[in-house]
Amino acid sequence: MAFDKIIVDISDDIATITLNRPDALNALNSDLLSELCMALEEADASDKVRCIIITGSEKAFAAGADISDMASKSFVEMYTSRYFENESDRFNRIRKPIIAAVAGYALGGGCELAMMCDFIIAADNAKFGQPEINLGVIAGLGGTQRLTRFVGKSKSMDMHLTGRFMDAEEAERCGLVSRVVPVKKLMSETRAAAEKIAEKSQIAAIAAKDAVDRAYETTLAEGLNYERRLFNSLFATEDQTEGMAAFLEKREAQFRDR
């Protein structure tokens, strides 16, 4: 399918989705998010994709939601249209691992989009923020919830109430991003991580993603029970047999996703 607001490249088991609204610093609007969800769903269903990367430009991953797309809307319009809610729900149903490769600004909806991915690799010029307070509103794509879980109440309150930005170094220090790399190496480093994921059993990768996500949604006791059930169930797969045999035989595993 041809897209207008994003660019999709699929090669070597990896789908790279690039946000492509350069004139608006990749600001999120309904069209872009709709196309993004369609691309994600196609990648999730494709046998040619084992990992997904979402990225923007060196200047901006996404500088927020498109204010011109919502400024004139009323409460009733926002509430009844479930503005961005359907797209958020569709994004959260993607089972394959998603890496956000973030350079430049990741603000408002852009920060929220990055946090919706499974982990973030940041360029050294990245800046994260939830400055919706400056517009007389608050985050609406999960920013108050996910940022608090990632960085704690104090830093989250600071960012949501003052609108200040967090640079890449601080973002790594407080756990928002997994690593920071030079901006010129962002895509090569992210792709290397995606290639590592693509080598693994897809069944195990999906289970790992599912289990870690559950840690944010349940008590420790329930999370441990869920993990044990997934762990035990993987012993019904050919990949578990192959993976452990390869380890014992000191060779590379040949996973078949069965």
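Is glutamate 195 buried, partly exposed or exposed? I looked up its relative accessibility, which is 36%, so glutamate 195 counts as partly exposed. I note at the outset that this is a predicted model.

**Entry 1. Salt bridges**

I next looked up the partner of glutamate 195. Arginine 191 forms a salt bridge with glutamate 195, and their closest N and O atoms are 3.7 Å apart. I found both residues in helix H8, which covers residues 186–199. They are four residues apart there, about one turn of the helix.

I then recorded the total, which comes to 17 salt bridges. One of them joins the side chains of aspartate 4 and lysine 5, at 3.3 Å from N to O. Another joins aspartate 158 to arginine 164, with 2.8 Å between the closest N and O atoms. I checked the accessibility of both partners. Aspartate 158 counts as partly exposed because its relative accessibility is 28%, and arginine 164 is partly exposed as well, with a relative accessible area of 26%. I also traced a network of salt bridges that links Lys155, Asp158, Arg164 and Glu170.

**Entry 2. Nonpolar cores**

Which residues touch the most other members of the largest nonpolar core? I found that they are Ile52, Ile54, Phe128 and Leu176, in a core of 45 residues. Helix H1, residues 30–45, supplies the largest share of this core, namely six residues. I also noted a second, separate core of 13 residues, with Ala123, Val181, Leu186 and Ala194 among them.

I listed the contacts of leucine 176, leaving aside its neighbours within four places in sequence. Leucine 176 is in contact with Met115, Ile120, Phe128, Leu147, Phe150, Val151, Met166 and Ala171. As background, I recall that nonpolar side chains tend to be buried together in soluble globular proteins.

**Entry 3. A nonpolar patch on the surface**

I looked for nonpolar residues on the surface as well. Ile67, Leu135 and Val137 form a patch there, with about 260 Å² of accessible area together. I located leucine 135 in the loop between strand S8 (127–129) and helix H5 (143–151). Its relative accessibility is 53%, so leucine 135 counts as exposed.

**Entry 4. Cysteines**

How many disulfides does a search of the whole structure find? I recorded zero. A disulfide is a covalent bond between the sulfur atoms of two cysteines, so I looked up the distances between sulfurs.

The cut-off for a disulfide is 2.5 Å between the sulfur atoms. I also noted that cysteine 117 is buried, with a relative accessible area of 6%.

Cysteine 174 is in no disulfide either, and the nearest cysteine sulfur, that of cysteine 111, is 10 Å away. Cysteine 174 counts as buried because its relative accessibility is 17%, and buried means under 20%.

**Entry 5. Positive phi values**

Finally, I looked up backbone angles. Phi of asparagine 26 is near 60 degrees. Asparagine 26 lies in the loop between strand S2 (14–19) and H1, and it is buried, at 2% relative accessible area.

Phi of arginine 82 is near 50 degrees, again a positive value. I found arginine 82 in the loop between helix H2 (75–81) and helix H3 (85–92). At 33% relative accessibility, arginine 82 counts as partly exposed.

Definitions and conventions: Residues are numbered from 1 along each chain as its sequence is written. This is a predicted model: local features need pLDDT of at least 70, side-chain atom pairs count only at pLDDT 80 or more; totals for chains, interfaces and linings use all residues. Side-chain values use heavy atoms; hydrogens and water are left out. A nonpolar core is a set of buried Ala, Val, Leu, Ile, Met, Phe, Trp, Tyr and Cys residues joined through side-chain atoms within 4.5 Å. Buried means under 20% relative accessible area, exposed over 50%, partly exposed in between (1.4 Å probe, protein chains only). Helices (H or I, at least four residues) and strands (E, at least two) are DSSP runs, numbered from the N terminus. Contact means heavy atoms within 4.5 Å. Patches are made of residues with over 30% relative accessible area and no salt bridge: like charges are joined within 9 Å, nonpolar side chains (Val, Leu, Ile, Met, Phe, Trp, Tyr) within 5 Å. Accessible areas come from the Shrake-Rupley method with a 1.4 Å probe; for residues, only the protein chains shown count as cover. A salt bridge is a side-chain nitrogen of Lys or Arg within 4 Å of a carboxyl oxygen of Asp or Glu.
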